[in-house]
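Could you walk me through this structure, one selection at a time? I have it open in a viewer and would like to know what to look at next.

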Amino acid sequence: MQEYDIVIIGGGPAGLAAAISAKEEGVGNILILERGSELGGILNQCIHNGFGLHTFEEELTGPEYAQKYINKIEELNIEYKLNTMVLDLNRDKVITAVNPDEGIFEINAKAVVLAMGCRERPRGALNIPGGRCAGIFTAGTAQRFVNIEGYLPGKEVVVLGSGDIGLIMARRMTLEGANVKAVVELMNYSEGLKRNIVQCLDDFDISLKLSHTVIDIKGRDRLEGVTIARVDENRKPLKGTEEFIECDTLLLSVGLLPENELSKKAEVELSKITGGLIVNESLETNIEGIFACGNVLHVHDLVDNVSIESHMAGKNAALYVMGMNFQNGEDVTEVVAGEGIRYTVPKYINVKNVENYVELGFRVSNVFKNSYIALYFDDSLEKHIKKRILTPGDMETLKITKDMFSKYPNSSKVTVKIEEE
């Protein structure tokens, strides 16, 4: 059995940042396992710019951003295995993997960092009636066809879902000569970043139909068109609002799911809200020595934020290997998602491990205007921050300082909620 101090599962931006951070912290025996044929993960097909403004203070494409981390991996001589699929992970941190060169092999790790990323929700999860014809793709698959393989999936396009990748692909398909007829969104707000709505839809006169969904698919061999309809407040189609749009391609941008099949095998606790992992302030899961970062933890807006988070996960994995124990049962405070909050990261805070502050990330469950983010220690209000607008597409952050915990030494929970005027 192979022995490593830290094994990082996933060679995308999260895994690379975690590996670099762990190495710089002083741990030498590190291994990255990547199932693809190259490092960099999903960034390799994200050829648009907008990456790196926070991390590198310059605007980069996805491949350029990834290459900066890959160069650092090579410079630090961090070992990695490509074309390696991890088959199993148990709570004792024993990893079973397979690749063409070594066959099936086992690795015993002192610490594991989960950085497997996420996957797209497929058509099968939507239960859209109609034929199973060609021409229906997830937005990420279409992105790979266009940017990596050099194929145009179709000429007349409808996009279902207004997540960031759907918005970006609406623009990309337009630039490649396709006619994007509409982006259709079930909710009454867009799931994507505001800048992507402006740069990808508004700048190209692409229609965004909120509170609409696809209710039928027409086509036998190839997609011929889709029927869309307006939905009510319960997201049920309204009769009489049906509209048929001729198209040969339907792109699905209907959500991302953290890739946590391996986590389940290791009996790591998952969030019922996001499907991501539940972690403490040190990004450690309920299994001692197993840490998580990136989209396997929760779906992020910006890769820069993934890098910041992953540096922290790598650092803490290194500290764990060097003898620091984050799983101290005393002084653990639960973070509660109150009214208007969908979820928070982290879910638990061990006050003893807080140096200066904990950055709490959370998403709201709806669009709120002129409202307040309220932070409570038990029933005591500590912060009341007015926000002009809050949307589910933007990850919000809140700093909880060490002094706040000192102020409420007997508090058992911290609650963040939205309060309206």
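Start by selecting I373: its bridge partner in strand 25 is I418. Keep in mind as you look around that this is a predicted model.

Now widen the selection to residues 368-377, which form strand 22, and residues 413-420, which form strand 25. These two strands pair in the antiparallel sense, over seven bridges.

While strand 20 is on screen, look at the loop between strand 19 (341-345) and strand 20, where you will find P346. The peptide bond leading from V345 to P346 is cis, and its omega is near 5°.

Another loop to visit is the one between strand 13 (225-230) and strand 14 (243-246), which holds R235. Check the backbone here: R235 is a residue other than glycine, yet its phi is positive, near 65°.

Time for some helices. Select 164-175 for helix 4 and 194-201 for helix 5. Their axes are 8 Å apart, and the helices pack at an angle of about 15°. An angle under 35 degrees counts as roughly parallel, so that is how helix 4 lies to helix 5. The crossing of the two is left-handed.

To see where they touch, show the side chains:

- On helix 4, pick D164, L167, I168, A170 and R171.
- On helix 5, pick N196, I197, Q199, C200 and L201, which meet those residues of helix 4.

For the last stop, go to helix 2, residues 62-75, and select Y65 and Y69. Both lie in this helix, four residues apart, or about one turn. How far apart are the centres of their rings, and at what angle are the planes? The centres are 5.6 Å apart and the planes stand at 40°. Planes under 30 degrees apart would count as stacked and over 60 as edge-to-face, so this pair is tilted. The count of aromatic pairs comes to seven.

How values were computed: Residues are numbered from 1 along each chain as its sequence is written. This is a predicted model: local features need pLDDT of at least 70, side-chain atom pairs count only at pLDDT 80 or more; totals for chains, interfaces and linings use all residues. Side-chain values use heavy atoms; hydrogens and water are left out. Two strands pair if DSSP finds at least two bridges between them. Axes are lines fitted to C-alpha atoms, for helices over the stretch in contact, and angles run from 0 to 180 degrees between N-to-C directions. Angles under 35 degrees count as roughly parallel, over 145 as roughly antiparallel, 65 to 115 as roughly perpendicular and the rest as oblique. A crossing is left-handed if the near helix is turned anticlockwise from the far one by less than a right angle, and right-handed if clockwise. Contact means heavy atoms within 4.5 Å. Rings of Phe, Tyr and Trp (its six-membered ring) pair if their centres lie within 6.5 Å; planes under 30 degrees apart count as stacked, over 60 as edge-to-face and the rest as tilted.
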